[in-house]
Amino acid sequence: MRSTVRIDDDLMTTVKTRARGEGVSMTRMLNRLVRLGLEALSREADKPRPYREKTFRMGRPQVNLDKALALVASLEDEETLRKMSLRK
């Protein structure tokens with residue numbers, strides 16, 4: 001397919017130089033470079049984005065966390081007693 005495209009002079013000079021160096025026509029060189037560019041763009045789009053967890057401020061703790069294990073143990077004891085009382 002034919003199309004008219006405006007290419008910057010410095011890019012055209014580089015493409016011509018590469019085409020001469022590889023012994024191919026300008027058309028083939030331009031097609032190859034466009035394909036390489038599009039493949040590179042699609043590879044970039046396929047890369048997974050790094051996962052990032054959202055964080056939220058929860059304010060100051062309402063209980064003393066210096067003895068957190070003791071607090072958890074007492075809460076577990078209370079829950080165990082509650083369950084035992086429901087089985088009567």
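I looked up R18 and E22 and found both in helix α1, 4 residues apart, about one turn of the helix. The model I am reading is predicted. I then checked the side chains of R18 and E22, which meet in a salt bridge at 3.9 Å, N to O. I note that this distance falls within the 4 Å cut-off for a salt bridge. The count of salt bridges comes to 3.

Next I turned to the helices. I have α1 at residues 9–22 and α2 at residues 26–46. How far apart are the axes of α1 and α2? I read 9 Å, with the two helices packing at an angle of about 110°. Angles of 65 to 115 degrees count as roughly perpendicular, and α1 and α2 are therefore roughly perpendicular to each other. I also logged the crossing of α1 past α2 as right-handed.

I listed the residues that meet between the two helices. From α1 they are M12, V15, K16, R18, A19 and E22, and from α2 they are M26, M29, L30, R32 and L33.

V34, which sits in α2, makes a nonpolar patch of about 310 Å² together with L38 and L41.

Notes
Residues are numbered from 1 along each chain as its sequence is written. This is a predicted model: local features need pLDDT of at least 70, side-chain atom pairs count only at pLDDT 80 or more; totals for chains, interfaces and linings use all residues. Side-chain values use heavy atoms; hydrogens and water are left out. Patches are made of residues with over 30% relative accessible area and no salt bridge: like charges are joined within 9 Å, nonpolar side chains (Val, Leu, Ile, Met, Phe, Trp, Tyr) within 5 Å. Accessible areas come from the Shrake-Rupley method with a 1.4 Å probe; for residues, only the protein chains shown count as cover. Axes are lines fitted to C-alpha atoms, for helices over the stretch in contact, and angles run from 0 to 180 degrees between N-to-C directions. Angles under 35 degrees count as roughly parallel, over 145 as roughly antiparallel, 65 to 115 as roughly perpendicular and the rest as oblique. A crossing is left-handed if the near helix is turned anticlockwise from the far one by less than a right angle, and right-handed if clockwise. Contact means heavy atoms within 4.5 Å.
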